[in-house]
Amino acid sequence: MRRKARGKAGVFAVSFLPQFVPQGAPVPPTLLAFSVIWAVIDLLWYLPLIWLAGRVRGVLQRRSIQRRMEQVSGALLVGLGMRLAVGS
């Protein structure tokens, strides 16, 4: 499945980036520059996101937090079920 995701991203990049190449600019170097810029932006976005996920994971693995999330999600499901039953 990972392989398909990369293939889809590649197809998207090949179909998306060429429209931004300026008229008369050399296509391969411009597309390479766009690809590098895209990779840097992805890196700047995903590194903090991964760091944050690692920090949150430690908190979410606490038994008290898990119990509270189960209580809240259970209450939400019961509430939605009641709303659906009353609305029908």
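A residue is called buried when its relative accessible area is under 20%, exposed when that area is over 50%, and partly exposed in between. In this predicted model, buried residues make up 5% of the 88 residues in the protein.

The overall fold gives the setting for that figure. The protein has three helices and zero strands, and along the sequence the pattern reads α-α-α. Its radius of gyration is 23 Å, well over the 12 Å that the globule rule gives for 88 residues, so the protein is more spread out than a compact globule. Along the principal axes, the C-alpha trace spans about 65 × 40 × 25 Å. The accessible surface comes to about 8000 Å², and carbon and sulfur atoms account for 70% of that surface.

Leu 49 lies in helix α2, which covers residues 27-60. With a relative accessible area of 40%, Leu 49 falls between the 20% and 50% cut-offs, so it counts as partly exposed. Leu 49 and Met 82 are 33 residues apart in sequence, and their C-alpha atoms are 36 Å apart in space.

Leu 77 belongs to helix α3, made up of residues 63-87. Its relative accessible area is 62%; the cut-off for exposed is over 50%, and therefore Leu 77 is classed as exposed. Between Leu 77 and Leu 17 there are 60 residues along the chain, counted as their separation, and 44 Å from C-alpha to C-alpha.

Note on methods. Residues are numbered from 1 along each chain as its sequence is written. This is a predicted model: local features need pLDDT of at least 70, side-chain atom pairs count only at pLDDT 80 or more; totals for chains, interfaces and linings use all residues. Side-chain values use heavy atoms; hydrogens and water are left out. Helices (H or I, at least four residues) and strands (E, at least two) are DSSP runs, numbered from the N terminus. Buried means under 20% relative accessible area, exposed over 50%, partly exposed in between (1.4 Å probe, protein chains only). The radius of gyration is taken over C-alpha atoms; the globule rule is 2.2 Å times the number of residues to the power 0.38. Accessible areas come from the Shrake-Rupley method with a 1.4 Å probe; for residues, only the protein chains shown count as cover.
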